[in-house]
Amino acid sequence: MVSDLAFEALKDRVNVVERQQAVKSATDASIETRLSKIESVLSRLTWLVVTGIGGAAIAFVVSGGLSNTIGT
């Protein structure tokens with residue numbers, strides 16, 4: 001049989017573990033929110049880089065690209 005003192009000690013340990021788990025859950029939620037914001041910013045930056053490269057390629061082609069000058 002379990003003594004009252006041992007039972008109280010066990011209840012205290014369970015309370016500590018539950019508190020630590022609650023703090024960990026809140027921390028994980030905060031980290032997930034920050035990571036999703038970072039992911040959003042990286043996605044936008046990727047699209048900006050791809051658009052910039054595409055625009056530069058189009059500008060290069062429109063300006064004559066690699067064609068030789070005619071008549072020389």
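This is a predicted model: local features need pLDDT of at least 70, side-chain atom pairs count only at pLDDT 80 or more; totals for chains, interfaces and linings use all residues.
Local features need pLDDT of at least 70, side-chain atom pairs count only at pLDDT 80 or more, and totals for chains, interfaces and linings use all residues. Residues are numbered from 1 along each chain as its sequence is written, and side-chain values use heavy atoms, with hydrogens and water left out.

Asp28 and Lys24 both belong to helix H1, where four residues, about one turn of the helix, separate them. Helices (H or I, at least four residues) and strands (E, at least two) are taken as DSSP runs and numbered from the N terminus. Asp28 is partly exposed, because its relative accessible area is 36%, and Lys24 is likewise partly exposed, at 45%. On this scale, buried means under 20% relative accessible area, exposed means over 50%, and partly exposed lies in between, with a 1.4 Å probe and protein chains only.

The whole structure holds two salt bridges. One of them joins Lys11 to Glu8, whose closest N and O atoms are 3.5 Å apart. Lys11 and Glu8 also both lie in helix H1, three residues apart, about one turn of the helix. Lys11 counts as partly exposed, since its relative accessibility is 37%, and Glu8 counts as partly exposed at 38%.

The protein chain as a whole has one helix and zero strands. Its radius of gyration, 31 Å, is well over the 11 Å that the globule rule gives for 72 residues, so the chain is more spread out than a compact globule. That radius is taken over C-alpha atoms, and the rule is 2.2 Å times the number of residues to the power 0.38. Along the principal axes, the C-alpha trace spans about 105 × 15 × 10 Å. Distances between individual residues can be read alongside these values. Ser36 is found in helix H1 and is partly exposed, because its relative accessibility is 40%. Ser67, by contrast, is found in the segment after H1; at 53% relative accessibility, Ser67 counts as exposed. The C-alpha atoms of Ser67 and Gln21, 46 residues apart along the chain, are separated by 67 Å.

Of the 72 residues, 0% count as buried. The accessible surface of the chain comes to about 6,700 Å², and 67% of it belongs to carbon and sulfur atoms. Such areas come from the Shrake-Rupley method with a 1.4 Å probe, and for residues only the protein chains shown count as cover.

A nonpolar patch on the surface is formed by Ile31, Leu35, Ile38, Val41, Leu42, Leu45 and Leu48, which together have about 660 Å² of accessible area. Patches are made of residues with over 30% relative accessible area and no salt bridge; like charges are joined within 9 Å, and nonpolar side chains (Val, Leu, Ile, Met, Phe, Trp, Tyr) within 5 Å. Leu35 lies in helix H1, which covers residues 4–62, and counts as exposed because its relative accessibility is 52%.

Definitions and conventions: A salt bridge is a side-chain nitrogen of Lys or Arg within 4 Å of a carboxyl oxygen of Asp or Glu.
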